[in-house]
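I opened a new model today and kept notes as I went. The entries follow the order in which I looked things up.

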Amino acid sequence: MAILEWHAVAFKLSSHRIASKLWRHAASKGETMSFSQSLIQQEQPLLQANEQCSFIQDVVHGRLSREAMNYYIQQDLHYTDAETYVQTQLIAKSASIADQRLFTDQLQSHLQTVNELYESLSKTLHADWSLQRKQTIQPVTSFYREHLLSQTRDGDLLDMLTPFQAGIWMYVELGRYLASTGKVKPDNGFYQWVVDVQEPTLAGPDGISARFFAVMDREAESASEVQLKRARDNFHRSCLFEWYFWDAASRQLTWNDFENQALQASTMA
């Protein structure tokens with residue numbers, strides 16, 4: 001089985017182009033579809049793919065392995081470290097005090113809630129919390145981190161915020177999906193994750209996800225077509241990386257797995 005099973009993700013390749021046309025059409029007619037709404041619309045196929053991925057379905061059915069959950073914790077800690085850096089750059093590159101306060105408040109919340117959540121999840125696994133952040137950054141985590149961090153080098157506020165917010169949106173939506181199944185009970189090891197990503201301060205009408213989308217909509221109003229396409233692509237790729245992140249956790253993919261796949265392919269050539 002190939003390490004990257006591209007055929008496993010069911011989505012329409014043209015969805016982001018269609019959403020872009022719909023948004024421009026709505027804007028030209030004075031209708032109300034916002035830039036962020038068009039992003040949400042374009043990513044419905046990948047949202048559904050994430051909902052149906054093996055990791056999330058294992059959570060729903062109470063069969064998530066200790067190994068998969070522990071891998072997820074360790075790798076997401078590395079990813080959230082990249083998010084921390086992105087948020088410092090959002091603060092630094094904000095042109096208004098209001099934006100700086102928004103990103104600063106979220107960074108402070110992020111630094112507290114991430115540690116609390118993953119320490120709690122680690123305890124349910126009887127894993128040594130002091131070692132969780134010291135594990136090797138595995139391939140998919142490395143690729144996803146680079147996708148996020150690359151926007152901080154030369155990107156503007158929209159470039160940096162869009163791929164970051166995509167991950168937040170996906171977590172909020174997956175939390176809603178898991179809660180809606182009615183199957184993730186307090187005795188499920190992933191229960192606290194579901195609770196935390198549904199907190200009103202994150203997922204509510206005035207939560208951080210909605211407020212970040214509002215900033216993106218404001219920035220999109222003055223963005224060029226080139227900038228908007230780049231933002232759409234980056235949002236889309238983050239949603240795609242989310243699927244691969246869950247998949248990697250389900251299979252606990254390592255650099256050795258990637259190397260073995262390459263060597264196996266070379267012997268078959």
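**Entry 1**

I am working with a predicted model. I read every value below as computed from that prediction.

**Entry 2: the largest pocket**

I started with the pocket. How much space lies in the largest pocket? I get about 710 Å³. I then listed its lining, which has 33 residues. Closest to the pocket centre are Q106, H110, T113, V114 and L202.

I sorted the lining by element next. Two or more residues come from each of α5 (66-92), α6 (97-124), α9 (157-180), α10 (191-196), α11 (200-203), α12 (208-221) and α13 (225-251). Which element gives the most? I found that α6 does, with 11 residues.

I also sorted the lining by class. I count 14 nonpolar, 10 polar and nine charged residues.

**Entry 3: helix α6**

Which residues of α6 are buried? My list reads D99, L102, F103, Q106, L107, H110, V114, L117, Y118, L121 and S122. I kept the helix rule in mind while reading the list: with 3.6 residues a turn, residues three or four places apart point the same way.

**Entry 4: Q89**

I moved to α5, where Q89 sits. Is Q89 buried or exposed? Its relative accessible area is 17%, under the 20% cut-off, so I file Q89 as buried. Leaving aside neighbours within four places in sequence, I find Q89 in contact with T152 and M160.

I also took the spacing to F103. Q89 and F103 are 14 residues apart in sequence. Their C-alpha atoms are 9.4 Å apart in space.

**Entry 5: D159**

I picked D159 in helix α9. Its relative accessibility is 4%, so D159 counts as buried. What does D159 touch beyond its neighbours within four places in sequence? I find contacts with Q151, R230 and N234.

**Entry 6: cysteines**

I looked at cysteine burial. C53 is buried, with a relative accessible area of 4%. C239 is also buried, at 0% relative accessibility.

Then I ran the disulfide search. A disulfide is a covalent bond between the sulfur atoms of two cysteines. How many disulfides does the rule give? The count comes to zero.

**Entry 7: positive phi**

Most residues other than glycine have a negative phi. I noted two residues that depart from this.

H126 has a positive phi of about 60 degrees and is not a glycine. H126 follows α6 and lies in the loop between α6 and α7. At 72% relative accessible area, H126 is exposed.

Q252 has a positive phi as well, near 50 degrees. Where is Q252 found? I place Q252 in the loop between α13 and α14 (255-268). Its relative accessibility is 25%, so Q252 counts as partly exposed.

Note on methods. Residues numbered from 1 in each chain as written. Predicted model: local features only at pLDDT ≥ 70, side-chain atom pairs only at ≥ 80, totals over all residues. Heavy atoms only, no water. 1 Å grid on protein atoms, 1.4 Å probe; cavity = no way out; pocket = protein on both sides within 12 Å on 5 of 7 lines; lining within 4 Å. Points joined across faces, edges and corners; volume = space filled by probe spheres on them. Helix = DSSP H or I, 4+ residues; strand = E, 2+ residues; numbered from the N terminus. Nonpolar A, V, L, I, M, F, W, Y, C, P; charged D, E, K, R; others polar. Disulfide = S-S within 2.5 Å. Buried < 20%, exposed > 50% of the residue type's maximum accessible area, 1.4 Å probe, protein only. Contact = heavy atoms within 4.5 Å.
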